[in-house]
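Have a look at the model first, then read on.

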Amino acid sequence: MTQPVTLSTAGSIAVIEINNPPVNALSQAVRQGLLDAVVQADADAAVTAIVILGAGRSFPAGADIKEFGQPMQDPHLPDVIDRIESCSKPVVAALHGTALGGGFEIALGSHYRIAVPSARVGLPEIHLGLIPGAGGTQRLPRLCGAAMALDIMFKGTPIRAQDALAAGLIDRLAEGDLRQAALIYAAELQTPRRTREATSGLADKAAFEAALTDAKETARSRMRGQMAPLKIVECLRACITQPFADGRLFERDCFFECLASEQSKGMIHAFFAQRASAKVPEASRAEPRPLNRLGVVGGGTMGAGITVAALNSGLPVTMIERDHDSLARGRANVEQVYDRLIAKGRMSEAQKSDIMARYQGSTQFADLSEVDMVIEAVFERLDVKRAVFEQLDKVLKPDAVLASNTSYIDIDEISSATNRREHVLGLHFFSPANIMKLLEIVVPQSAADDVVATGFALAKILGKIPVRAGNSPGFIGNRILGKYGDCAAHMMEDGATPYEIDSAIVEFGYPMGLHAMYDLAGLDIGWDNRKAAQGKRNPAERYVEIADRICERGWFGQKTGRGFYLYPDGARIGAPDPEIFILIEAERAKKSITARRFTDEEIMARYLAAMVNEACEVLREGVALKPSDIDVTFVHGYGFPRYRGGPMNYADSYGLARMLDDIRRYGQHDPIFWQASPLLIELVASGQTFNDLNKG
Ligand code: 3H9
């Protein structure tokens, strides 16, 4: 078995190489190997300096997240890093790939840092509900001050080597071979330089304090409800008020407090769930087809958003519209995205031109004859989509993949318009398609394995988070949304105001409430669907007409200045509308409902029970393959708080038996709506959790 850490020498320089693929995570074996190597090199009289580097694609990308949740084993990373910093000989960290978390903390504990220009460094622990726990909160501010350190730790986004150099976080960029450059650098160095003794970042105490005050405010407002940001602020306060050793101990306590929290467990679950969602049976059975050129049919909001996403990732795109005017509008929709970036100073005209050079527009389907994949993004109506697919069938090359961007429509009904059903799949992009990360990849029965694999390959190219969904109405996300949306409507008719419901949802951790979200998306979309379903609904099922009454008035949400909320003068945040109360009261009166009060707790218990119960049905029918795919869908597409891991992870922590009891209790008044899913009943009977199902 290869050793995870090796020690060799190049002349008088000791080279410690970490080799733990794929990302050199700092497992127990790596920590032990690193410690042993450092002690040995430090004691070796023939060694004048030490270089630490990572084999393969990266310097360590952090602690081994898989070890979290198990008892911590010696040696602890902070102690290993302290030992590195205490070395009597200069230690150089040579960085490439992504030096993140504990990996970057090793670099900060080393005496000098050199990096290849493509390297990125950062402290992303906040995305796992954690704080940097191996000295990062104490060493980083000593080098670059509080404002930048807080920015790095709060955003958690890696920064480029060039920016790290400018901020004094690394000392040199390596030209050419990193190992060679690090050896040359190490040979020049005479004495250790310990970050724990650095003072430049602490010099301006007033600026440090001001940055802490700002960060506290950000933590309380924009990162509301999360524990890690406030802990980071506390650690930085310790950094400026206490000696290094005490600050380090304080950081350690805070780290373990975060690690033990439900928030961190939820976020770590979300991390692995996201990676698991890309692993689907079809992709393990077949290679994706080549994807060098994309076609997009339709230049409206979705088509333009998809085009931008593809252009940004380097793919050339041919956009098809039915006539020259529509095509001009489609191109304008694409250009508008870039023009906004230019106006904000985030893009240059030259960059826009480079990107737009990959764009081609046409009114002729025949111009798609060379593309590898086409995404149809026309109006959400089956007949319109079928007509497009008939055209595509005539012009595309034989192995091209045909995809329909739809949020509801049956992909089988679309694919049957072609003579190549096995080449067709669904892609449900979320709006704005160039921003939202989630992509539901809808797999109809007839789809060939390599077509599905190509859908997942496209997601990777576009930087999207893919989730495999079966071809059932609403797929995973919108189907479940439909159910808890109905549950919210029931509560509204029974006595809760839309504003109380939204406030409970926001309090739970969502960025916005359901009704604010409806207003943003446009109430007319749901209204059209409801009108289309008229006559097909089970008359015994409860139907709440409040939203219909709102739409009948032409109040379609933000775009009309009025929906569930009022948006005076184009306001983006809505204000409660007194007329909505009157309208709701009239609906209650029609059904002789006496309004009752709902606590936030009851609102969320019902809302989440409706969500999870329907999610169980989605699982039982195989529309989602595993509970964690549902978590990914709701965290990345529907605003479910990431620190709760997703609805299924949340249900596990709430207790499935307790949730089933809730559902049965609600069902006493509305047995049709609240039918407990057989899967939930089975799980409770067998004492299993959703997480057990994830493990397979
Ligand atoms: C920390 O460091 C705490 C310290 O402050 C204090 C400690 C005391 N551990 O994402 P990918 C796996 S907290 C274990 O698909 P990419 C990942 O699951 C940590 N495994 O590749 C996947 O496995 P599989 C702070 C890890 O190229 C495979 O590697 N660090 C870890 O798109 C490939 O990953 C972070 O939070 C890990 N740390 O992106 C960094 N990282 O193939 C987290 C990855 O079985 N990692 N794996 O599915 C990342 O952000 C990305 O993985 C990275 C590569 C950018 C590195």
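Helices here are DSSP runs of H or I with at least four residues, strands are E runs of at least two, and both are numbered from the N terminus. The model is predicted, so to speak of local features needs pLDDT of at least 70 and side-chain atom pairs count only at pLDDT 80 or more, while totals for chains, interfaces and linings use all residues. Residues are numbered from 1 along each chain as its sequence is written, and side-chain values use heavy atoms, leaving out hydrogens and water.

Helix H10 (residues 262-277) gives the most to the lining of the second largest pocket: five residues. A pocket is an open set of points on a 1 Å grid over the protein atoms alone, where a 1.4 Å probe fits, with protein on both sides within 12 Å along at least five of seven lines; lining residues have an atom within 4 Å of a point. Of the 13 lining residues, Ile-65, Lys-66, Phe-68, Gly-69 and Ile-268 are closest to the centre.

Now the sheet: eight strands, open, with mixed pairing, in the order S12-S11-S10-S13-S14-S15-S16-S17. Two strands pair if DSSP finds at least two bridges between them. At the edges, S12 and S17 each pair on one side only. S10 and S11 pair in the parallel sense over four bridges, and Val-296 stands opposite Met-319 in S11.

These are the edge strands:

| Strand | Residues |
|---|---|
| S12 | 359-362 |
| S17 | 465-470 |
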